[in-house]
Amino acid sequence: MVAGVWSLMRFLIKGSVGGAVYLVYDQELLGPSDKSEAALRKAEEVVPPAMYQFSQYVCQQTGLEMPQLPAPPKINFPNFRDSWNSDIISVMAALSVAPTKAREYSKEGWEYMKEHTK
């Protein structure tokens, strides 16, 4: 029983990851930013109505009342893209100097410990 459930979970996880990778490849989301923006706009148009229809279906099938969700916030794409790129550049810059900084800080700490333990 447990092996069957684990096997089903593995299958669902692999299928989800594989589907996500295929979707990213098929929609060329890792390519030029214009195509990524177009895909995001398309998802912005399609997902809210689909979620509403699904929630209505669940309400009909279960008899439960679901509260109305607030509207998703609007994202200004040019500013979002610029801030995303600058954040990625900052993170990569920090990661590239991390080994050097770690060595410098450990050397300073070692010198401090030597001075204060005499």
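Predicted model: local features only at pLDDT ≥ 70, side-chain atom pairs only at ≥ 80, totals over all residues.
I started with helix 2: its 30 residues should span 44 Å at 1.5 Å a residue, and its end C-alpha atoms lie 42 Å apart, so the two agree. The expected span here is 1.5 Å times one less than the number of residues. Helices are DSSP runs of H or I with at least four residues and strands are runs of E with at least two, numbered from the N terminus.

Residues are numbered from 1 along each chain as its sequence is written, and side-chain values use heavy atoms, with hydrogens and water left out.

Next I checked confidence (pLDDT, the predictor's score for each residue from 0 to 100). The protein chain has a mean of 81, with 89% of its residues at 70 or more. Helix 1 has the highest mean, 86, and helix 2 (residues 33-62) the lowest, 81.

I then looked at the layout and found three helices and zero strands in the protein chain. Helix 1 (residues 2-26) reaches 35 Å, close to the expected 36 Å. Glu28 follows helix 1 with a positive phi near 55°.

Back in helix 2, I found a kink of about 25° at Val46, shortly before Pro48. The bend is the angle between axes fitted to the seven residues ending there and the seven starting there. Glu37, Ala39, Ser55 and Cys59 are the buried residues of helix 2. Buried means under 20% relative accessible area with a 1.4 Å probe, protein chains only. Across the protein chain, 4% of the 118 residues are buried.

How values were computed. Buried < 20%, exposed > 50% of the residue type's maximum accessible area, 1.4 Å probe, protein only.
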